[in-house]
Amino acid sequence: MPKESPKVYPYIPNSVPAVKEEMLRAVGARHVAEFYEDVPEELRLEGLMDLPEPFVSEYELKRHLQGLLARNRTAGECVSFLGAGCYQHHVPAVCDEVNRRGEFLTAYAGEPYDDHGRFQALFEYASMMGELLDMDVVNVPTYDGFQAAATAIRMAARITGRGQVLICATIGPDKLSKIRDYCQPGPDIELVGYDPRTGQMDLAALQAAISTETAAVYFENPSYLGFVQTQGNEISAMAHDHGAICVVSVNPISLGVLAPPAHYGGDIACGDIQPLGIHMQFGGGHGGFIATRDEPRYVLEYPSRLFGIAPTRVPGEYGFGDVAYERTSFAVREQGKEWVGTAAALWGITAGVYLALMGPQGMFEIGEAVMARARYAAMQIDKVEGVKAPAFSAPHFHEFVVDLNATNKTVTEINEALLARGIFGGKDLSHEFPELGQSALYCVTEVHTQGDLDRLVTALQEVVS
Amino acid sequence: MRDIRRERHTGGKPNLRRFHQARWDEPIIFELSRQGQRGILVPEVEKGILDTVGDVPAKIPDNMRRERPPALPEISQPQVLRHYVRLSQENLGTDLNIDVGQGTCTMKYSPKINDQLAALPKMTDLHPLQDEETVQGILEILYRFEQILKEISGLDRFSLQPAAGSAAIYTNAAIIRAFHASRGELAQRDEVITTIFSHPSNAACARTAGFKVITLYPDERGYPDLEALKAAVSERTAGLMITNPEDTGIYNPKIAEFVQVVHEAGGLCAYDQANANGILGITRAREAGFDLCHFNLHKTFSTPHGCGGPGAGAVGVTRELACFLPVPTVEHDGKRYYLDWDRPDSIGKMGPFYGNASVVLKAYAWAMSLGAEGLRQVAEIAVLNNNYLLNLVQQIPGASAPYAKGKRRIEQVRYSWQALAEETGVHSEEIGLRAADFGVHYWTSHHPFVVPEPCTLEPTESYTKEELDEYAAILAHVAEEARTNPDLVRAAPHNSTIHSVDHDPLDDPSQWAVTWRAYLRKMGKSAHERIEE
Amino acid sequence: MSESKNSRLGVIVNPVAGIGGRVGLKGSDGAEIQERARALGAVPQASQRAAEALQRLASIEDLEIVTYPGEMGEDAARSCGLQPTVVGTIMAGATTAQDTRRAARELQRLGVDLLLFAGGDGTARDVYEAVGLDLPVLGIPAGVKIHSAVYAAHPRSAGELAALYLRGRVANLREAEVMDIDEDAFRQGVLSVRLYGYLKIPFRTSLVQSQKIPSTGETASLAAIAEDVTEKMEDGVLYIIGPGTTTRAVGEELGLDKTLLGVDVVLNRALIAQDANEAQLLALLEEHGEDRAKIVVTPIGGQGYIFGRGNQQISPMVIDRVGRDNVVVVSTPDKLHALGTQPLLVDTGDRAVDEMLSGYLMIVTGYNERAVRRVAC
């Protein structure tokens with residue numbers, strides 16, 4: 001029996017020896033070891049675990065962590081043009097204020113009457129997303145946009161009972177990796193090629209691939225590679241002609257200027273809410289949304305929780321609860337749709353705050369702000385010797401591919417040099433899309449001033465010459 | 001002079017609180033909208049840029065350009081803040097209440113210092129694709145935390161990529177699948193075994209990964225049944241996915257034999273350690289023979305629950321299975337930390353980047369504030385608290401702790417109000433309704449209710465003896481009211497934010513409404529119509 | 001909403017139910033036993049139990065209670081402060097099974113939404129013979145022996161469930177077994193419980209199950225089980241399929257007219273025998289080759305018997321010839337959960353066969369879903 005430490009821990013009130021003794025007496029035990037009577041002797045650890053010495057005082061702990069974090073250089077300290085699924089936008093102070101309130105931060109799974117605030121905040125999030133997407137059903141957030149896409153595809157397979165999904169070949173390989181893993185039990189995945197000039201899905205290839213075995217056609221708007229998929233109507237029409245479901249992954253922050261999938265035939269919209277008032281956090285600030293029309297054949301296939309509004313026993317009072325709860329794994333375990341669990345509720349609430357602050361006008365302005373800056377950046381970058389931007393001739397949202405092949409330098413070399421100048425260059429696409437050669441994905445948002453963009457251009461100029 | 005203190009105590013014991021939850025009767029946010037109001041302004045496009053690019057949105061092709069602005073509410077900033085702060089008050093989180101009623105969720109204290117550290121720009125303003133040189137700090141934190149988990153579990157490698165507990169369970173199922181596929185045995189091995197008291201995600205995630213699910217029921221004493229397991233294993237067994245101790249608080253003393261039986265049949269064993277809080281430093285996955293395990297960082301490791309996330313799931317594996325872990329892993333070459341993408345056998349990506357890094361930071365800080373001794377105390381005091389509360393609740397007439405009679409429990413207990421229900425006709429859910437009138441939350445059980453009239457309580461190490469006394473006193477009081485004034489109990493809650501919800505519309509497609517617009521539409525109003533007085 | 005709807009509840013009390021047990025007599029059917037019981041000082045319990053149930057309904061608005069006079073229901077209703085509509089006539093102190101049947105038919109004719117009856121297995125049989133599956137019913141336990149699954153666990157929960165059903169808050173109905181001891185066999189010293197038929201009762205788990213979403217709940221469960229079993233059916237194998245609603249669903253999946261109460265035999269997805277007895281089963285096994293046969297059964301009644309209650313045609317000899325490995329047990333998860341941690345039971349009448357069946361069995365609970373439960377005798 002290891003010697004018991006007399007140390008008292010601030011987070012463990014009953015570690016005070018006198019209290020511990022009193023409680024042991026109350027339950028008729030002499031030592032805490034008695035509570036582990038069911039744990040066989042041979043499975044018990046002898047002595048203490050071999051862990052680093054702790055920092056028991058709060059000050060020392062803070063110093064330790066700050067020391068570690070000091071070795072980071074943030075996007076805010078430099079100028080960053082990284083995107084590719086995680087975006088640098090301004091996070092309104094009110095968003096941080098709300099999601100740092102302990103009342104929200106430490107709530108979890110209370111009932112509709114004692115956690116009413118959480119239910120209402122998430123219902124409002126879903127409602128505002130519903131307006132943005134022009135759809136009536138939006139889920140309580142799942143983990144991230146990858147999960148949302150994968151689930152949307154499996155939902156389509158369940159709804160249609162079919163075994164194949166067609167996916168645009170410009171999908172990011174990481175997302176495709178997730179979808180492939182998730183769809184191992186089905187549906188089968190086939191990629192549909194794209195026009196190398198415009199990036200747009202090759203409709204002839206789609207026509208050739210689609211059949212009555214197709215459960216869904218999936219594409220992204222804007223694409224992972226930044227351009228706007230302008231043929232939404234044609235793609236969804238082709239899908240519907242074959243009884244397939246049209247799944248579109250979108251960036252919600254674009255929907256003040258870009259039409260939502262519902263306006264060009266999309267049946268299931270999905271995506272990631274990180275751009276809506278959530279800090280990047282090294283990729284830890286994601287939440288996934290799935291949205292559809294309010295039809296039972298769709299609603300009953302969601303694995304996530306769906307919060308609906310309902311009356312209470314008091315007239316005029318409303319509350320919230322789970323819609324069609326019995327479809328979930330919480331209710332029926334393996335008979336439920338996929339599974340549901342803790343995911344990203346706090347980010348959902350945050351995104352709701354963001355949308356409420358921005359309003360319709362703000363959402364238009366942010367779309368305009370990022371598109372204009374990105375367009376400017378692309379035009380200026382294009383002037384640099386040996387550089388072509390954007391690589392695809394199509395409208396873009398806030399990201400675009402920069403073709404650096406003619407510079408005879410690798411993206412790695414260029415980005416290294418940019419880094420030395422305090423600039424984070426765009427994501428290297430040369431491994432993900434070998435057919436694009438030495439290309440990089442540049443992202444521009446409202447955080448970039450004209451000065452930042454001009455600085456980038458100047459730096460590129462220096463680096464490639 | 002009246003001594004108020006005397007009125008707050010009766011017979012030396014504190015009276016129950018005259019609690020009332022915040023009730024703001026707050027409208028739905030759309031109802032606060034007033035045309036023209038703005039909550040925040042966006043940096044305008046500079047003239048220099050505008051002159052160069054012109055009207056960019058206008059150049060979007062017609063079919064792709066949004067015509068009508070989204071019908072979002074228009075509200076000024078102070079009003080947005082006020083609305084949400086009011087909503088925040090209408091919750092009973094750990095910061096506010098004695099949250100022992102949310103059994104299996106491990107509602108322990110989430111230290112504020114960790115939240116503050118995770119909110120620093122040096123954490124929040126990092127892009128995941130930055131050059132590794134610029135993120136050595138966070139990479140080191142991820143790496144160090146992996147080392148801590150390795151020691152706590154005894155396993156060889158960890159991935160912090162899964163976004164939460166169920167995601168981690170799924171990841172384990174995917175690794176099991178990849179393992180058997182690599183040996184050409186996946187077609188033959190398509191069954192996963194779990195127990196009815198394991199978290200529903202063990203069954204659901206295995207099913208989602210494509211496995212058939214076999215569920216074991218416990219024996220009459222509530223222990224997982226080894227004979228049942230033997231009847232279930234065969235050459236079709238891919239793996240065992242099991243929680244231990246189970247949600248009843250009972251530790252399976254034959255856990256090592258369970259693992260052995262499955263290994264002999266050629267299957268792998270995954271340990272759902274959602275209930276690890278009570279056994280930290282006491283017993284580990286490795287010694288029991290497990291091949292995989294997972295931890296919930298938002299449970300055992302104190303990170304806040306956030307109304308339902310973000311949390312984080314950590315997946316641990318033996319050396320043999322490390323090649324299947326999600327990619328990338330975090331490595332250290334002696335000088336620097338880096339991400340290893342060169343893992344051809346990896347199951348691929350479970351999410352967009354590397355996991356919820358800021359959540360991992362909080363978990364790391366928590367573990368580093370305690371060390372081996374501290375973690376041991378966490379487990380021992382959590383279990384002491386649990387048995388202390390067990391003792392109090394068992395003294396309430398009408399309450400019982402089914403199974404494992406006379407035995408101690410580990411992290412939590414699933415009680416039963418069956419006797420009280422038979423006597424008074426008041427059900428467990430109703431007792432929970434009334435308990436809310438005293439400022440505490442209360443959860444019954446996962447479905448199905450194998451334990452009748454269930455109630456699952458998990459004290460953790462964070463509450464004082466007095467808080468546990470208060471919680472038990474509330475339950476005892478409500479149980480007594482069930483006898484003397486059952487209608488009061490059934491009509492509860494009276495002091496909560498709202499009253500009990502009528503759930504019927506939520507299962508009726510013609511009535512359910514997941515968004516405000518759907519609600520108005522079904523009520524016969526358009527979204528733009530104002531509701532006039 | 002549904003609360004304001006005017007609802008009508010039928011109530012029947014079997015005044016002599018529960019008499020026998022208290023004074024050590026087996027059940028209370030038959031005027032002779034009743035007389036003896038009363039002579040021994042037995043007091044009818046049924047009325048009291050019925051009152052306990054009706055208490056839970058006292059607060060429902062616009063509820064009309066329709067019942068028979070005096071001890072057959074009126075007394076119980078009035079004792080709760082309710083004002084029932086009384087129909088029919090009886091001879092007080094001398095009521096019989098015939099009165100129960102008459103009352104049930106009359107209440108059905110009057111259009112009650114639900115029929116509550118207090119009694120035992122005998123009463124359930126009488127109700128079944130009168131209304132069959134045409135009327136939702138629910139039993140208030142008041143008898144000694146209750147093998148039937150149509151009874152609530154307690155009088156109070158019967159009242160509660162009835163209240164929920166009448167308010168429209170529980171809308172699911174399920175067929176539940178009506179079982180009773182074979183009286184004649186019993187008098188010859190043989191204890192045999194027969195399956196007489198099925199009644200429709202409201203039910204709920206801990207969840208609200210919506211009748212408006214047919215793809216969830218019991219219906220979906222039965223469909224999934226049926227899909228699993230039929231998918232795995234092999235040609236050339238004889239399937240002996242026992243009574244029950246779950247096994248009937250298997251029959252329906254195959255498009256066959258499977259009997260609800262009897263043992264049917266399927267070969268190559270066609271029905272080759274309906275409502276077979278032991279002799280016929282043995283003959284078929286003999287003819288077909290007993291090593292190419294399977295038995296498909298489901299727990300009958302509320303106690304979880306998979307053999308020996310309601311399917312005795314599948315005799316010990318039949319089971320022995322087919323072999324334990326070829327026994328397939330199907331059950332919805334709800335039925336298993338209702339058993340808690342109690343094992344499934346067998347009582348074939350042959351100790352050796354009972355012991356052979358004991359141990360652990362994998363039960364089909366859905367499509368590619370299994371549960372492992374203990375079987376005991």
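**View 1. Domains of chain B.** In this predicted model, chain B is divided into domain 1 (4-85), domain 2 (118-368) and domain 3 (501-533), with bounds that come from an automatic or database domain assignment. Between domain 1 of chain B and domain 2 of chain B, the C-alpha centres lie 38 Å apart. Residues are numbered from 1 along each chain as its sequence is written, while chains are lettered from A and ligands numbered from 1 in the order in which they are written. Because the model is predicted, local features need pLDDT of at least 70 and side-chain atom pairs count only at pLDDT 80 or more, whereas totals for chains, interfaces and linings use all residues.

**View 2. The contact of chain B with chain C.** Here 25 residues of chain B are in contact with 25 residues of chain C, two residues being in contact if their C-beta atoms, placed from the backbone, lie within 7 Å. On the chain B side, the elements that give two or more residues are β5 (212-216) and α9 (226-232), and the largest share, 5 residues, comes from β5(B); helices (H or I, at least four residues) and strands (E, at least two) are DSSP runs, numbered from the N terminus. This side of chain B divides into 12 nonpolar, 5 polar and 8 charged residues, where Ala, Val, Leu, Ile, Met, Phe, Trp, Tyr, Cys and Pro count as nonpolar, Asp, Glu, Lys and Arg as charged, and the others, Gly among them, as polar.

**View 3. Strand pairing between β5(B) and β16(C).** β5(B) pairs in the parallel sense with strand β16 (residues 369-376) of chain C over 4 bridges, pairing being assigned if DSSP finds at least two bridges between two strands. Within β16(C), Arg370(C) is the bridge partner of Ile214(B).

**View 4. The two domains of chain C.** The domain assignment of chain C gives domain 1 (2-202) and domain 2 (217-376), and 31 Å separate their centres, taken over C-alpha atoms. In the contact between them, 14 residues of domain 1 of chain C meet 12 residues of domain 2 of chain C. On the domain 1 side, β6 (173-181) and β7 (193-202) of chain C each supply at least two residues, and β7(C) gives the most, with 5 residues.

**View 5. Helix α6 of chain C and its cover.** Helix α6 (residues 121-131) of chain C is mostly covered, with 10 of its 11 residues buried; a residue is buried if 20 or more other C-beta atoms lie within 10 Å of its own, exposed if 12 or fewer, and partly exposed in between, with C-beta atoms placed from the backbone. The buried residues include Asp121(C), Arg125(C), Asp126(C) and Tyr128(C), and what covers the buried residues of α6(C) includes α5 (97-109), β4 (114-119), β5 (137-141), β6 and β7 of chain C. Gly132(C), whose phi is positive, near 55°, follows α6(C).

**View 6. The contact of chain A with chain B.** This contact takes 180 residues from chain A and 177 residues from chain B. Helix α12 (residues 345-382) of chain A gives the most to the chain A side, with 26 residues, and by class that side has 95 nonpolar, 45 polar and 40 charged residues.

**View 7. Surroundings of Ala156(A).** Not counting residues up to four places away in sequence, Ala156(A) touches Val165(A), Ala215(A), Ala216(A), Ile245(A), Val247(A) and Ile268(A).
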